[in-house]
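Me: I've got a new model open on my screen and I'd like to talk it through. Can you walk me through what to look at?

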Amino acid sequence: MNNPEPSATPVLLPMPAAYTDRTMLVMLRRMGGHGLRDAKASWIGLNHFGQSFRQPLVLLRCFVAEIAQASQRSIMLANCCAPRMTEDEGLMLETLALCGRNPERAKRNLARLTDGGSTIRPFSVARALNIALENMGRPLEG
């Protein structure tokens, strides 16, 4: 995953309105730019999810790793403090939010993100993360 300079990638989409969506976006950016075991991403998860932070943290790590392995192209992420989202970030958040109620659209999003790479494993992890967030009472709005 690439964490480009602000001028290298147009950031087109507004930030998500829902707090959990924004939290997941920032965690995703931290992991994509600073590594899967970024301490700040863990801290953000702990602050948002409380003592139950481990499951969404581990599943998000797995999702980021699976997308990175499956993709045949670079995934563009904005800097952590960017006030808007890249199209790729929007596709990832929408995939995580929709994989339960609209799996076909989620799979199409993954196909766009991976550019022809396998989407089976990223979809499975996205679905597991979606279920975990719903069970915690913090579903993504997408």
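Predicted model: local features only at pLDDT ≥ 70, side-chain atom pairs only at ≥ 80, totals over all residues.

Me: What share of the residues is buried?
Reply: To count as buried, a residue needs a relative accessible area under 20%. Of the 142 residues in the protein, the buried share is 47%.

Me: Which residues touch the most other members of the largest nonpolar core?
Reply: Nonpolar side chains tend to be buried together in soluble globular proteins. Here the largest nonpolar core holds 33 residues. Helices H1, H2, H3, H4, H5 and H6 each give two or more residues to this core. The residues touching the most other members are Met24, Leu60, Phe63 and Met92.

Me: Which residues is Leu60 in contact with, leaving aside neighbours within four places in sequence?
Reply: Contact here means heavy atoms within 4.5 Å. With those sequence neighbours set aside, the partners of Leu60 are Met24, Met27, Leu28, Met31, Leu96 and Leu129.

Me: Is Pro14 buried or exposed?
Reply: Pro14 sits in strand S1, residues 13–14. Not counting residues up to four places away in sequence, Pro14 touches Arg84 and Met85. The cut-off for exposed is over 50%. Pro14 has 52% relative accessibility, so it counts as exposed.

Me: What separates the C-alpha atoms of Pro14 and Thr86?
Reply: These two are 72 residues apart along the chain.

Me: Where does Arg101 lie, and which residues is it in contact with beyond four places in sequence?
Reply: Arg101 has its place in the loop between H4 and H5. Its relative accessible area is 54%, which makes it exposed. Leaving aside neighbours within four places in sequence, Arg101 is in contact with Leu140 and Glu141.

Me: How far apart are the C-alpha atoms of Arg101 and Gly35?
Reply: Along the chain, Arg101 and Gly35 are 66 residues apart. Their C-alpha atoms are separated by 30 Å.

Me: What about Glu134: how far is it from Ala97, C-alpha to C-alpha?
Reply: Glu134 is found in helix H6 and is partly exposed, with a relative accessible area of 42%. Glu134 and Ala97 are 37 residues apart in sequence. C-alpha to C-alpha, the distance is 9.8 Å.

Me: What is phi of Asp115 near?
Reply: Asp115 lies in the loop between H5 and H6. Its phi is positive in a residue other than glycine, with a value near 55 degrees.

Me: Last one: how far apart do the centres of the positive and negative side chains lie?
Reply: The protein has 17 positive and 12 negative side chains. The centres of the two sets lie apart by 5 Å.

Note on methods
Residues numbered from 1 in each chain as written. Heavy atoms only, no water. Buried < 20%, exposed > 50% of the residue type's maximum accessible area, 1.4 Å probe, protein only. Lys, Arg positive; Asp, Glu negative; His and termini not counted. Charge placed at Lys NZ, Arg CZ, Asp CG, Glu CD. Core = buried A, V, L, I, M, F, W, Y, C linked by side-chain atoms within 4.5 Å.
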